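Me: Can you walk me through this model? I'd like to start with the charged side chains and then move on to a helix.

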Amino acid sequence: DAATHNHLCQFSREIPAFLGLMVYPAEGDTWVESAADSCLEIRRSMYWCFLGDRNATPNSDEVRIRIPRAHRLTPTWLDELFRALGSGQPLDGVLA
């Protein structure tokens, strides 16, 4: 909704906040698996979007955003993000 969009637009690259989109498979009971002796495994895809570089919308109800397929949330991307945040490096490469 527009209010959430505008709230996420207030965050900066120093203190980022992300919008996540999870794509669920048609077979609803196969998208996640968990076991006591392993990690949580999420199947299919999750995508991220950083809105801190965007302007707030004047809309009162809705806003449409585009999340590129290249913005797939992966363990590698999360590792790069946390390393950059932990070292104080600019997030330009991670948010590209």
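**Charged pairs and a helix**

Reply: Arg-13 counts as partly exposed, because its relative accessibility is 27%; buried means under 20% relative accessible area, exposed over 50%, and partly exposed in between (1.4 Å probe, protein chains only). This is a predicted model, where local features need pLDDT of at least 70, side-chain atom pairs count only at pLDDT 80 or more, and totals for chains, interfaces and linings use all residues. Residues are numbered from 1 along each chain as its sequence is written, and side-chain values use heavy atoms, with hydrogens and water left out.

Me: How many salt bridges turn up in the whole structure?

Reply: Three. A salt bridge here is a side-chain nitrogen of Lys or Arg within 4 Å of a carboxyl oxygen of Asp or Glu.

Me: What does the side chain of Arg-13 meet at 2.5 Å?

Reply: That's Asp-53, in a salt bridge, N to O. Arg-13 lies in the loop between helix 1 (2–9) and strand 1, and Asp-53 in the loop between strand 4 and helix 2, so the pair ties together parts 40 residues apart in sequence. Helices (H or I, at least four residues) and strands (E, at least two) are DSSP runs, numbered from the N terminus.

Me: And which residue meets Arg-13 at 2.8 Å?

Reply: Asp-92, again in a salt bridge, N to O. This pair links distant parts of the chain, 79 residues apart, with Asp-92 in the segment after helix 2. At 48% relative accessibility, Asp-92 counts as partly exposed.

Me: What about Arg-83, which partner does its side chain have?

Reply: Asp-79, in a salt bridge of 2.9 Å, N to O. Arg-83 is exposed, with a relative accessible area of 57%, while Asp-79 is partly exposed at 36%. As for networks, salt bridges with shared partners join Arg-13, Asp-53 and Asp-92 into one.

Me: OK, helix 2 then. Which of its residues are buried?

Reply: Trp-77, Leu-81 and Ala-84. Seen down the axis of helix 2, they fall within an arc of 70 degrees (taken from the directions from the helix axis to the C-beta atoms), so they line one face.

Me: What do those buried residues pack against?

Reply: Strand 1 (18–23) and strand 4 (45–50), where contact means heavy atoms within 4.5 Å.

Me: And which exposed residues sit on the face turned away?

Reply: Pro-75, Thr-76, Phe-82, Arg-83 and Gly-86.

Me: What follows helix 2?

Reply: Gly-88, whose phi is positive, near 75 degrees.
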